[in-house]
Amino acid sequence: MRSPRVLAAGLMLVAGVTIVAACSSGSSTPAAPAGDAVLVEGQKAYSQNCAGCHGAAGGGAYGRKLAGVVTVKYPNIDDQIALITNGKGAMPSFSKKLTADQITAVTRYTREVLVAK
Ligand code: HEC
């Protein structure tokens, strides 16, 4: 017979795995146009690295709202690329985690696919 303690530990494990799966799931990020390889790469990088803080659709959570904001705030895409590369305050630097091409791709994704509702 199983002890209640083992059962409780098992349930906690299942709950933990479910939470981790929900947090890292990128399925709810808005789809990039399938024909644009850079934006598809950008969506992947966004769902894996950014959605947890900025929301799946860029609506903001712990991190700021991005959807519809970034093109206004950073008219020059290079300024936004620099911020994501170097970080700012509680926003982590991605210079070691992502390649320059991935940073450009994720920046384009936030500008061209994540649009304000
Ligand atoms: C740990 C949480 C966290 C993660 C992960 C994160 N960010 Fe941020 N981000 C923030 C916070 C907090 C700010 C606000 C920084 C400030 O201005 O002090 C921010 C700011 C930004 C800004 C500037 C917004 C503005 O209004 O000026 C952009 C653009 C941005 N993040 C993009 C990204 C991208 C792209 C990724 C993934 C590659 C990402 N962030 C990952 C927390 C995060």
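This is a predicted model: local features need pLDDT of at least 70, side-chain atom pairs count only at pLDDT 80 or more; totals for chains, interfaces and linings use all residues.
How far does a polar side-chain atom of Tyr 74 lie from an oxygen atom of the ligand? Here are some notes on that and the rest of the model.

1. The distance for Tyr 74 is 2.4 Å, and it falls under polar contacts (pairs of N or O atoms within 3.5 Å).

2. Numbering runs from 1 along each chain as its sequence is written, and side-chain values use heavy atoms, without hydrogens and water.

3. The ligand has 20 residues around it, and Cys 50, Cys 53, His 54, Tyr 74 and Met 91 come nearest (near means a heavy atom within 4 Å). By class, this shell holds 13 nonpolar, 4 polar and 3 charged residues.

4. Which helices supply at least two residues each to the shell? They are α3 (51-54), α4 (70-73) and α5 (77-86), with α5 giving the most, 3 residues. Helices here are DSSP runs of H or I with at least four residues, numbered from the N terminus.

5. As for the chain as a whole, you will find 6 helices and 0 strands. Of its 117 residues, 27% count as buried (under 20% relative accessible area, 1.4 Å probe, protein chains only).

Conventions
A polar contact is a pair of N or O atoms within 3.5 Å; within protein, one must be able to donate a hydrogen and the other to accept it, and residues adjacent in sequence count only if both atoms are side-chain atoms. Ala, Val, Leu, Ile, Met, Phe, Trp, Tyr, Cys and Pro count as nonpolar, Asp, Glu, Lys and Arg as charged, and the others, Gly among them, as polar. Buried means under 20% relative accessible area, exposed over 50%, partly exposed in between (1.4 Å probe, protein chains only).
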